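Biologist: Hi, I'm new to this one. Could you walk me through it?

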Amino acid sequence: MNLRRVAQYALVVFFLGFFLVPLETGIMTAIKTNESVARSLPFAPPVGEGFTLGNIQFALEQLSGSFFNSLIMSIPATVGSVLFGSMAAYGLTMVNWRAQMGMLMLFVVGVFVPYQAVLVPLARFWNNIFPLARMLEPMVASIPFFQGYHAELVPLVITHIAYGIPICTILFRSYYQSLPNSLVEAGKIDGASITKIYRRIILPISKPMFGVVFIYQFTQIYNEFLFAFTLVTGSDAPAAPVTLVLPAIGASTSGIDFGIRMSAAFLAAVPTLILYVAFAEQFAKGLRTEA
């Protein structure tokens, strides 16, 4: 082994430790009592009575309801935005029609509209002009496993779909631009309509890109805070998602229990980790195709 190879390995080990030490510190904090957190180094393992799994149990009890709220908000919002984004990208890329570029520019502008710019009109629309949550509350209450307050999540779902379509469209468009136009032309020769070409040809070969965009969009929606904070009454609301409940866990008049808070943070990340594992193969294929 020459000096250059040793330097390369040393650099790899350095960056590996640089990225893993915060994770190890978080895990150690999650299984420590609050007294052990205050008396020991952050990355040091718990010793004796300083070890506890009560933090995880308590955090899970606090997050159980908000987990369900986040999932019933994130899953339909992700599916809707990804599917509509794919359709829009197909229409803007593989179908020729007038004003196509002008419509594409509107989608690009939609990507760069900041959340903060729409919070006030969004709240006024859903609360005063069109109170959809109050209108749907009796209907939602009649659905098994749902409560009436889950109707508060319906405006959130619609908002995330509308706000997610532009970025999903741009991502899918970059993928569809790499596909040969001969696929569409062959479908037209066989007499297939535009919708049938999308359903029978484009959709099946888009599975890798669906994996990439689905992971990206689910992560964005699941971790989003501003829209949830604006449209849901607060962290103590029954319909509050994980991102609203998480900042309040472990806080009390005597201070913050960092072990409980860190346990809650790791538990909140579990759905996204499961999603990455489930779609890992499609995600890797999609990235290779993009490259």
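Biologist: What share of the residues in the chain is buried?
Modeller: Buried residues come to 40% of the 291 in the chain; buried is under 20% relative accessible area, exposed is over 50%, and partly exposed is in between, with a 1.4 Å probe and protein chains only. Keep in mind that this is a predicted model, where local features need pLDDT of at least 70, side-chain atom pairs count only at pLDDT 80 or more, and totals for chains, interfaces and linings use all residues. Residues are numbered from 1 along each chain as its sequence is written, and side-chain values use heavy atoms, with hydrogens and water left out.

Biologist: And how many helices and strands are there?
Modeller: The chain has 15 helices and two strands, taken as DSSP runs numbered from the N terminus (H or I for helices, at least four residues; E for strands, at least two). Its C-alpha trace spans about 75 × 70 × 35 Å along the principal axes.

Biologist: OK, the inside. Which residues have the most contacts within the largest nonpolar core?
Modeller: Those are L63, Y90, L156, F172, Y176 and I202, in a core of 59 residues. A core here is a set of buried Ala, Val, Leu, Ile, Met, Phe, Trp, Tyr and Cys residues joined through side-chain atoms within 4.5 Å.

Biologist: Which helix gives the most to this core?
Modeller: Helix α3, residues 54–93, with 11 residues.

Biologist: What does Y176 touch, leaving aside neighbours within four places in sequence?
Modeller: Y176 is in contact (heavy atoms within 4.5 Å) with S86, A89, Y90, T93, M94, Y198, I202 and S206.

Biologist: Back to α3: is S70 buried or exposed?
Modeller: S70, which lies in that helix, counts as buried because its relative accessibility is 0%. Setting aside neighbours within four places in sequence, S70 contacts Y222, P241 and V242.

Biologist: What does UniProt list for residues 67–279?
Modeller: An unreviewed entry there gives "domain: ABC transmembrane type-1", though such annotations may be inferred rather than shown by experiment. In the model, that span is 70% helix and 2% strand, and its end C-alpha atoms lie 20 Å apart.
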